[in-house]
Amino acid sequence: MKASITIEDQTIANVDTSLSILESLEKNDVKVEFQCRDGYCGACRCKLIDGEVSYFRDTIAFVGEGEVLTCSATPASDITIEV
Ligand code: FES
């Protein structure tokens, strides 16, 4: 499946949804915060403004309503996020 990720003023089209959101951002030279890359520190937490995500691992870090951990989720639709 392909999706797009919009962050700030940039839209990345045709994102490979087998990659995490964080990996897709890095692949496109978008710098975002991260530390553990494993769902426990919360450093990669972003606001999910629009769209759906799906988690491919269990996470320990708190994720509030309207937030996403980019290291542990992939787009399930076109998404808009904000750092
Ligand atoms: S980088 Fe630690 S939870 Fe995502």
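Modeller: Let's start at asparagine 14, which counts as exposed because it has 8 C-beta neighbours inside 10 Å. The scale behind that word is simple: 20 or more other C-beta atoms within 10 Å of a residue's own make it buried, 12 or fewer make it exposed, and anything in between is partly exposed, with C-beta atoms placed from the backbone.

Two things to keep in mind before we go on. This is a predicted model, where local features need pLDDT of at least 70 and side-chain atom pairs count only at pLDDT 80 or more, while totals for chains, interfaces and linings use all residues. Residue numbers start from 1 along each chain as its sequence is written.

Asparagine 14 sits in strand β2, and its phi is near 55 degrees, a positive value in a residue other than glycine. That's worth a second glance, because most residues other than glycine have a negative phi.

Let's walk across it. β2 (residues 10–16) runs antiparallel to β1, and five bridges join the two; strands count as paired if DSSP finds at least two bridges between them.

β1 (residues 2–7) has two faces: Ala3, Ile5 and Ile7 are on the covered one, and Lys2, Ser4 and Thr6 are on the uncovered one. On to β7 (residues 79–82), which runs parallel to β1 and is joined to it by three bridges. Here threonine 6 has threonine 80 as its bridge partner in β7. β7 also has two faces, with Ile79 and Ile81 covered and Thr80 and Glu82 uncovered.

The next neighbour is β3 (residues 45–50), which pairs with β7 in the antiparallel sense over three bridges. Leucine 48 has isoleucine 81 as its bridge partner in β7, while aspartate 50 stands opposite threonine 80.

Leucine 48 leads us inside. Leaving aside its neighbours within four places in sequence, leucine 48 is in contact with Val53, Gly66, Glu67, Val68, Ile79 and Ile81, where contact means that the C-beta atoms, placed from the backbone, lie within 7 Å. Leucine 48 is also among the residues with the most contacts inside the largest nonpolar core, along with Ile5, Ile21, Val68, Ile79 and Ile81; that core has 17 residues. The elements giving two or more residues to this core are β1, α1, β3, β5 and β7. A nonpolar core is a set of buried Ala, Val, Leu, Ile, Met, Phe, Trp, Tyr and Cys residues joined through C-beta atoms within 7 Å.

What about the loops? Serine 18 is in the loop between β2 and α1 (21–27), and with 10 C-beta neighbours inside 10 Å it counts as exposed. Aspartate 29 lies in the loop between α1 and β3, where its phi is near 60 degrees, again positive in a residue other than glycine.

Finally, step back. The protein chain follows the pattern β-β-α-β-β-β-β-β along the sequence. Its radius of gyration is 11 Å, close to the 12 Å that the globule rule gives for 83 residues, so it is as compact as a globular protein of that length. The radius is taken over C-alpha atoms, and the rule is 2.2 Å times the number of residues to the power 0.38. Buried residues make up 30% of the 83 residues.

Terms used
Helices (H or I, at least four residues) and strands (E, at least two) are DSSP runs, numbered from the N terminus. Two residues are in contact if their C-beta atoms, placed from the backbone, lie within 7 Å.
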